[in-house]
Amino acid sequence: MNKVITIDNAIDENVISNFLNSVDKSKFITIDKSAYAHTQTDFQVKFYKDDFHINTQYEEIRTHIKDKIEQTIGSSIPTPKVYRNFFLKYNDPGMRSALHVEHKDIHGSLGFLFYLTDETSGYLKWVDQEGEDEYFQKYPHEKQDFVNNFAYRQLYGNIQVQPKFNRLVVFETFGSHLVDTLIDSKNELPRLCIMGWPYCEI
């Protein structure tokens with residue numbers, strides 16, 4: 001498969017509507033991103049704590065996303081067993097994610113992100129060498145940590161993905177990528193998304 005694949009209108013919108021109506025906003029908790037991604041960040045995420053990866057209440061949308069991923073990559077992925085396989089989160093305006101690569105011994109070779117809102121900022125971006133150099137000119141204090149931890153990183157090129165409702169992004173996990181600052185949002189739960197690493201075992 002390509003390193004990054006974007007699928008619009010990925011699943012039945014009725015499934016999404018049913019799911020959104022079932023989300024209990026009181027079950028979001030604030031955590032540091034490093035708690036699930038082991039990645040340097042300057043923001044916290046709102047993480048849904050209702051055992052999203054195994055709770056039967058959310059099985060319909062998990063199944064539809066899982067089926068679409070399998071159709072996209074042409075092979076099956078494991079049934080979710082740990083929370084990093086499938087989880088729900090959102091981010092308040094002001095968030096960004098530093099340039100990083102998934103840890104190959106934690107996350108596995110495949111990741112996905114399924115957007116549930118439209119946003120005009122907070123883009124997911126993969127970079128080429130020029131983009132990587134420009135990033136570290138802007139954030140020079142992050143470079144040494146990146147070099148120390150992500151020597152295996154690959155450059156997938158200049159790829160930008162805007163958060164769009166019902167957009168699924170499936171990607172190999174070794175490319176240098178970041179999330180631009182979410183400047184503002186019209187949504188009650190900004191940049192709400194389901195994401196995960198299907199081959200993660202911890």
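I started with an open sheet of 4 strands, which runs in the order β5-β10-β7-β8 with antiparallel pairing. Its edge strands are β5 (97–100) and β8 (159–161), and each of them pairs on one side only. I looked up the twist too: it averages 10° from one strand to the next. A reminder to myself: this is a predicted model.

β7 and β10 are joined over 3 bridges, in the antiparallel sense. Which residue in β10 is the bridge partner of leucine 124? I found valine 179 there.

**Largest pocket**

I moved on to the pockets. The largest pocket has a volume of about 360 Å³. I noted 18 residues lining the largest pocket, and those nearest its centre are Lys125, Gly131, Tyr135, Leu178 and Asp180.

Which elements each supply at least two residues of this lining? I wrote down β7 (124–126), α4 (129–138) and β10 (177–179). The biggest share comes from α4, which gives 5 residues.

I also sorted the lining of the largest pocket by class: 6 residues are nonpolar, 5 are polar and 7 are charged.

**Second largest pocket**

The second largest pocket holds about 150 Å³ of space. By class, I get 5 nonpolar, 2 polar and 2 charged residues for the lining of the second largest pocket.

**Leucine 168**

Last, I picked a single residue. Leucine 168 lies in strand β9, which covers residues 168–172. Is leucine 168 buried or exposed? Its relative accessibility is 1%, and buried means under 20%, so leucine 168 counts as buried.

What does leucine 168 touch, leaving out residues up to four places away in sequence? My list has Ile5, Thr6, Ile7, Ala10, Ile65, Lys68, Ile69, Phe112, Leu113 and Phe114.

I followed up on one of these contacts, Ala10. Leucine 168 and alanine 10 are 158 residues apart in sequence, yet 6.1 Å apart in space, going from C-alpha to C-alpha.

Key. Residues numbered from 1 in each chain as written. Predicted model: local features only at pLDDT ≥ 70, side-chain atom pairs only at ≥ 80, totals over all residues. Heavy atoms only, no water. 1 Å grid on protein atoms, 1.4 Å probe; cavity = no way out; pocket = protein on both sides within 12 Å on 5 of 7 lines; lining within 4 Å. Points joined across faces, edges and corners; volume = space filled by probe spheres on them. Nonpolar A, V, L, I, M, F, W, Y, C, P; charged D, E, K, R; others polar. Buried < 20%, exposed > 50% of the residue type's maximum accessible area, 1.4 Å probe, protein only. Contact = heavy atoms within 4.5 Å. Pairing = 2+ DSSP bridges. Axes fitted to C-alpha atoms, helices over the stretch in contact; angles between N-to-C directions.
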